[in-house]
Structure formats: C-alpha cells, structure tokens
Amino acid sequence: PLSVNEYGDTTYSIKRIPTANYNSLIRYILDSKSIGLTHIVVTENNNSSFLDELLDDYQKYPFLVKEFDSKESNYKNRIIIFKIDYDLLKLKN
C-alpha cells in the first residue's frame, strides 16, 4: 500500500521508463526489469494501447498486483498502480 502523509496525500518517487517502442506489456516489463521497473502506473488516456487496456482488463495479468486504484477512493481521474510480481510472470512465460 502507498504511504499517506498527515494530509492524506500519497508521497512517492517515480522513475519513468518510456513505452513508446513497445506494443506488448510483457516485453516491456521484461526489457525494463534490468533498469529497475517494479511498478506500473496507469492513467487515463495513455499513449500506449497496452497500458490503456490495463484500466479495464488488468485481471488477465495475474502477475500485476493492484496496490492502488483511484476509483476505490472516488478520485476524479483514474489512476491504478500495480506492483509487478516477477515470480508469477516467470510462471506465465
């Protein structure tokens, strides 16, 4: 779970790893693991079709563990944060 400060705000640092050269979620994850990919943050209107798909159909990826979903907190904009379980991903491949 995300840590929350005394004002109810979440605090975290994000390293962005571009998805532009990918059309496969699994390939993106496997290629990005070596540079520190541990989580995927998905927002509405991504510039990536495989990330857009995660908003509605993330259940088909059991190796993604949902840690935060803005829908559950009645946020205006949709944001989902997934932790990648690389052990489960190895079982899938």
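Three strands make up an open sheet, ordered E1-E3-E2 with antiparallel pairing (strands pair if DSSP finds at least two bridges between them; strands are DSSP runs of E with at least two residues, helices runs of H or I with at least four, both numbered from the N terminus). E1 and E2 sit at the edges with a single partner strand each, so one side of each has no neighbour in the sheet. From one strand to the next, the twist averages 25° (axes are lines fitted to C-alpha atoms, for helices over the stretch in contact, and angles run from 0 to 180 degrees between N-to-C directions). The model is a predicted one, with pLDDT of at least 70 needed for local features and 80 or more for side-chain atom pairs, while totals for chains, interfaces and linings use all residues. Numbering starts from 1 along each chain as its sequence is written, and side-chain values use heavy atoms, without hydrogens and water.

E1 and E3 are joined by 5 bridges, and Thr43 has Ile79 of E3 as its bridge partner. H2 lies across E1, E2 and E3, at about 85° to E1. Within H2 (residues 49-57), Phe50, Leu51, Leu54 and Leu55 are buried (under 20% relative accessible area, with exposed over 50% and partly exposed in between; 1.4 Å probe, protein chains only). These four cover an arc of only 160° around the axis, which places them on the same side of H2 (the arc is taken from the directions from the helix axis to the C-beta atoms). Ser49 and Asp56, on the other side, are exposed.

Over in strand E2, Asp69 counts as buried because its relative accessibility is 4%.

Methods:
Contact = heavy atoms within 4.5 Å.
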